[in-house]
Amino acid sequence: MNDVMLLVEDNVDDQELTIRALRKNNVTTEVVTVNDGVEALDFLFGTGKYESQPNRPVPRVVLLDLKLPRLGGIDVLRRLRADPRTKWLPVVIFTSSREDQDIIDGYRFGATSYVRKPVLYTEFLEAVKELGLYWLMRNERAPHAKNGD
Amino acid sequence: MIAALLAAVIAIFAVAVFSEMRRQAEDQAADRARSASLQIAQLFDNGIRLQISQVNAAAADPVLRAATAQPTARTLAAARARLIELQRSSPIRDEIQLWSADGEQLLNVAAPDSTAVPHAARVRPNMGDGDSVSMSPMNVDSVAVWFDATAAVKDGERHQGYIVRRRRVGVTQSSGSAVQTINRLIGIEARFLLGHPETGWTDLLGPAAGPTNATATTGVVHTYAVDGKGRQVGHAEPIALTPWYVWVEFPHARVYGRSMDFLRRITIVGVGIALFGALVGWRISRHITLPLGALTKAATKMSAGDYEHSLGVERRDELGSLAAAFDRMAASVEEARAGLEEQVEQRTRELQATNERLSGSEQQFRSLASSSGAAIVTADANGKINFVNAAGEQMFGYASGELIGQPIATLMPPDDRATIEERTGRMMISGESGSHERTMEFTAQRKDGSEFPVELSLASWVVGGKRLTGGVIRDISERKTMQAALEQRARSLEDANKELAAFSYSVSHDLRAPLRGLQGFSEALLEDYGDKLDERGLDYLHRVSDAAGRMGQLIDELLELSRVSRTELRRQRIELAPLVMRHFEEMQRLDPDRKVAIRTHPVPPAIGDERLISLVIQNLIENAWKFTRQQPNALIEFGTDGSRDGFPVYYIRDNGAGFDPQYSEKLFGAFERLHAESEFPGTGVGLAIVQRIIQRHGGEIWADAALGQGATFHFTLGRLNVPASIES
């Protein structure tokens, strides 16, 4: 199994806490972390610094923050949905915001799910555990999205 | 009637014949007068011509000229011999005189007969400057009727003296043969006069009354009255070479006698015929007029209101059927009359009421117009102002009455007139049905040329086929200014809201992440390194984690408050009691250890945004739940308590800790707390959110409480003012 989860998150604290929460809940799946939207697209389409890595795996799920440097979460989502290779890729928006406008935009541009990042650690732990179990183990991917190209 | 007609015919005939006879008599009289006067004139004419030529010849005699130039005994004697010679050369022996130029009689050769007129010798001749012989007027004195023929004895052009030949034509107080001759000529009743209207007339026997203006009517038969002789008909004929007229006159009766006789006779005959005609006519017409008279009488009675009069004429001719028809008509008129009278009365009443209404509404209009603060202007079909109230004159800066008759366009700036009239025209067409009215705004112009914004309500109506247009004009300068200020306020408010939204958005994203880090890593520290810390270290770490947690909750609630202020409201029908129960059960689920009772009463449904109203109920239930913590028999009650401003007053009551009523003002302020956090935990934002939502619904919220005796929160939900399209 070469399953990976792509975590698009600019806050290193949140990166660390997310990975810690997964590990605490015995989710061992590899987590690839990118710090902004451009890097996320580079990884998914094999461009930029990932051009030299042809054998990158297609992630089982992308956890996408909305407020990101360079290219924002909603723009990343639109690019992914516009491309046949990532059209069906599960993208879960994982963000601090619970503004109506963010939720509406997320769904309008094709988010698979929208989960708010809780502030309380216990709730955060619970949310990440449920995400990991569901998207990495329970969810079935669309057939053609299993391989990179 | 017939008699009158007959009389008229006879009268016309008589007048025609009479005037024809009269005209013929007049012509005859005129002919007689003319021929008589002409013949008499000629009688004189021959003698006068001879007389004139002899005088003329004598005037040129050198002997007479010498006598007048040098009147000595010798020249005068010679001259006398000449004059006697001259006298004898004519069959009529006239008196001949010689005068000097300065008016002295030089010689007088008297007429040879015994009836000489010595006194007349001294009458000085009257001679003009002309060459010809001058004829004097006909003179009458107590002795004779005479005249002079005078010629000048000249030396070159100078009058040196005069020779006068005086002729007698009649002798006073005698019937001379000449008069008898003339009377034979003209007839015995006729009268003959000689003379002139200005110098007098004579009948050759003495002076006589004659016409005073015969010359003006020469050749025309003239009728005039003479004292003692009645009316006379006369004719004047001038005698050549003299200033005299021959006047011949006849008594009027003599001339018109026959025509007057005829008139008398025809009148008698006419009256007789008329009387006879009248008698016969009366006999014939009686047969027809009697029933007609009855008919007329009946009709008169009928017009006076008596419809029950029957004629009772029974005849087989046209009059009989006429009478029968009349009787039938009378009956049906009587029938119709009753209904008609009622109708007339009804219409009269209606008309009276309408008049009263009209004069009432006219008065109403006048007093309304004069008391109105708005300008009221009406114009006729030609766009001329025919009424404007005092407010209108003041608004546009005109003196009283100055605007009447002015075109309505006077009230508009010249450049805008066409546009405004086009717009009002469109308005009138679109509102053509009845006196429909609408409003429009435009710029108006005062008398001094200054402009100001107005609002016009236009109405149009038709009176007596003429279209009138009326408008109510309001000066909206103030409104415009306020509107601009409001728009400015709205814009800045919108800017503030945008800023607030941007702020909330960044708070939502960026303020939470550090807190999560704080909380997360404190917990991670506790989990991984808890065994390496002592009691105090662990306590501190817990405090850091708790503080971060509370701050996270605070941020969440602040964002909630911000959201309920900004979010768009949706209108829905909401059943409040089930909502109360749902949140109550939620509290029971979260805090199953407590025993709290609930009592809900049926309440009318509310209109509002269900998500926000749910938030209100949730906060109030949580509140009640929280403050009854120390109450062993906790009870929460929900119901309605009367109404305020027409909306039901809902309440949620608890029997918990309550609060001091003097702080109830602070209750709904954000971050305001009336209890210690340690006693009743909370952020103090909850009730602020509740109040904000209630206010946004146009309602009110207030609380009654006493310390230790529970609290009651009352609220109303006003009319939610959102467009119906949002309704779900």
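In this predicted model, B:Phe680 is located in the loop that connects strand S22 (647-654) to helix H13 (686-696) of chain B. B:Phe680 counts as buried because its relative accessibility is 1%, the cut-off for that class being under 20%. In sequence, B:Phe680 and B:Lys626 are 54 residues apart, yet their C-alpha atoms lie 6.8 Å apart in space.

**Interface between chain B and chain A**

The contact between the two chains involves 26 residues of chain B and 24 residues of chain A. Together the chains bury about 2,100 Å², of which 51% falls on carbon and sulfur atoms. Three residues, B:His509, B:Arg516 and B:Phe521, account for 30% of the area that chain B buries against chain A, more than any other three residues.

| Item between chain B and chain A | Value |
|---|---|
| Salt bridges | six salt bridges |
| Polar contacts (both residues at pLDDT 80 or more) | eight residue pairs |
| Closest N and O atoms, salt bridge of B:Asp556 with A:Arg116 | 3.9 Å |

On the side of chain B that touches chain A, helix H9 (477-529) and helix H10 (535-566) each supply at least two residues. H9(B) gives the most, with 18 residues. By class, this side of chain B comprises seven nonpolar, nine polar and 10 charged residues.

Note on methods:
Residues numbered from 1 in each chain as written. Chains lettered and ligands numbered in written order. Predicted model: local features only at pLDDT ≥ 70, side-chain atom pairs only at ≥ 80, totals over all residues. Heavy atoms only, no water. Contact = heavy atoms within 4.5 Å. Buried area = accessible area lost by both parts, 1.4 Å probe. Salt bridge = Lys/Arg side-chain N within 4 Å of Asp/Glu carboxyl O. Polar contact = N/O pair within 3.5 Å; in protein donor to acceptor, adjacent residues only side chain to side chain. Helix = DSSP H or I, 4+ residues; strand = E, 2+ residues; numbered from the N terminus. Nonpolar A, V, L, I, M, F, W, Y, C, P; charged D, E, K, R; others polar. Buried < 20%, exposed > 50% of the residue type's maximum accessible area, 1.4 Å probe, protein only.
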